[in-house]
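I opened the model to check a few loop positions. My notes follow, residue by residue.

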Amino acid sequence: MTRARHVVADRGYDARALVEGIEAIGATAHIPTQRRRKVQRSVSKPIYRQRNLVERFFCKLKHFRRCATRFDKLARNFLAAVALASTRLWARSYESTT
């Protein structure tokens, strides 16, 4: 079983019990605090930036109707559709950077 070293989430998951649970397992919580809190927790910008990239990728992946609606009922067919859509997104981003 692998243990998480970092847990990254957005402001909606800023609950004291959740952060304490993450720290209890020995991981670091990278969750921005809500603005109304008196004590603000610092967040690692490079790690949080990676979360943003993952979030954007899933947003783009949802534009593929077959993946968003779970058209395929079998797991292997669904994963194949996700792999094809991911490959297409990667190729599109690779072409735009070269």
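I located D14 in the loop between strand 1 and helix 1. For these labels, helices (H or I, at least four residues) and strands (E, at least two) are DSSP runs, numbered from the N terminus. I note that this is a predicted model: local features need pLDDT of at least 70, side-chain atom pairs count only at pLDDT 80 or more, and totals for chains, interfaces and linings use all residues. Residues are numbered from 1 along each chain as its sequence is written, and side-chain values use heavy atoms, with hydrogens and water left out.

Is D14 buried or exposed? D14 counts as buried because its relative accessibility is 8%. The cut-offs are under 20% relative accessible area for buried, over 50% for exposed, and partly exposed in between (1.4 Å probe, protein chains only).

I then looked up the partners of D14. Its side chain makes a polar contact with the side chain of R41 at 2.8 Å. A polar contact is a pair of N or O atoms within 3.5 Å; within protein, one must be able to donate a hydrogen and the other to accept it, and residues adjacent in sequence count only if both atoms are side-chain atoms. Leaving aside neighbours within four places in sequence, D14 is in contact (heavy atoms within 4.5 Å) with I31, P32, T33, Q34, R37 and R41.

Next I checked A15, in the loop between strand 1 (6-8) and helix 1 (16-24). A15 is partly exposed, because its relative accessible area is 35%. I read 9.3 Å between the C-alpha atoms of A15 and Q34, 19 residues apart along the chain.

Last, I went to R70, in the loop between helix 3 (65-68) and helix 4 (75-97). R70 is not a glycine, yet has a positive phi of about 55 degrees. R70 counts as partly exposed, at 37% relative accessibility.
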